[in-house]
Amino acid sequence: MLKIAVENRVEVVWLILEGDIVGPSVRNLEECWRVTVSSLVGRPICLELTGVNRVDDAGRYLLVAIDKAGARIVSKGIATRDLLDSIAQDWPPVRLVALE
């Protein structure tokens, strides 16, 4: 299961993800992404993956597509940093960022 919290801040919109980006959750994230992007009004968007536990191949592909559409994808955890590094190696040049 994937929980998606949308935080509309003045400068940026955050999608804060917790749980697993697998199976039907991938589709849910894609739908949330599309709705959020349509309401940005010139603001950038960031995805926070620190609370993500697992990502299947479809989820990895979606994260790459979101990245290539201009979002910033960030994480603070060791496991998700490894995930971001792995995705960046599979689909260069991807701009996924591991926060310190």
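These notebook entries record what I looked up about salt bridges in this structure.

**Basis.** I worked from a predicted model, in which local features need pLDDT of at least 70, side-chain atom pairs count only at pLDDT 80 or more, and totals for chains, interfaces and linings use all residues. I numbered residues from 1 along each chain as its sequence is written, and side-chain values use heavy atoms, with hydrogens and water left out.

**Count.** I took a salt bridge as a side-chain nitrogen of Lys or Arg within 4 Å of a carboxyl oxygen of Asp or Glu.

I found Asp20 bridged to Arg54, with the closest N and O atoms 3.4 Å apart. This pair links distant parts of the chain, since Asp20 lies in strand 2 (residues 13-21) and Arg54 in strand 3 (residues 45-55), 34 residues apart. Strands here are DSSP runs of E, at least two residues, and helices are runs of H or I, at least four, both numbered from the N terminus. I noted Asp20 as buried at 13% relative accessible area; buried means under 20%, exposed over 50%, and partly exposed in between (1.4 Å probe, protein chains only).

**Helix pairs.** In helix 1 (residues 24-38), I located Glu31 and Arg27 4 residues apart, about one helical turn. Their closest N and O atoms are 3.6 Å apart in a salt bridge. Glu31 is partly exposed at 42%, whereas Arg27 is exposed at 52%. I also recorded a salt bridge between Arg34 and Glu30 at 2.8 Å, N to O. Both residues lie in helix 1, 4 residues apart, and Arg34 is exposed at 54%. Salt bridges with shared partners join Arg27, Glu30, Glu31 and Arg34 into one network.
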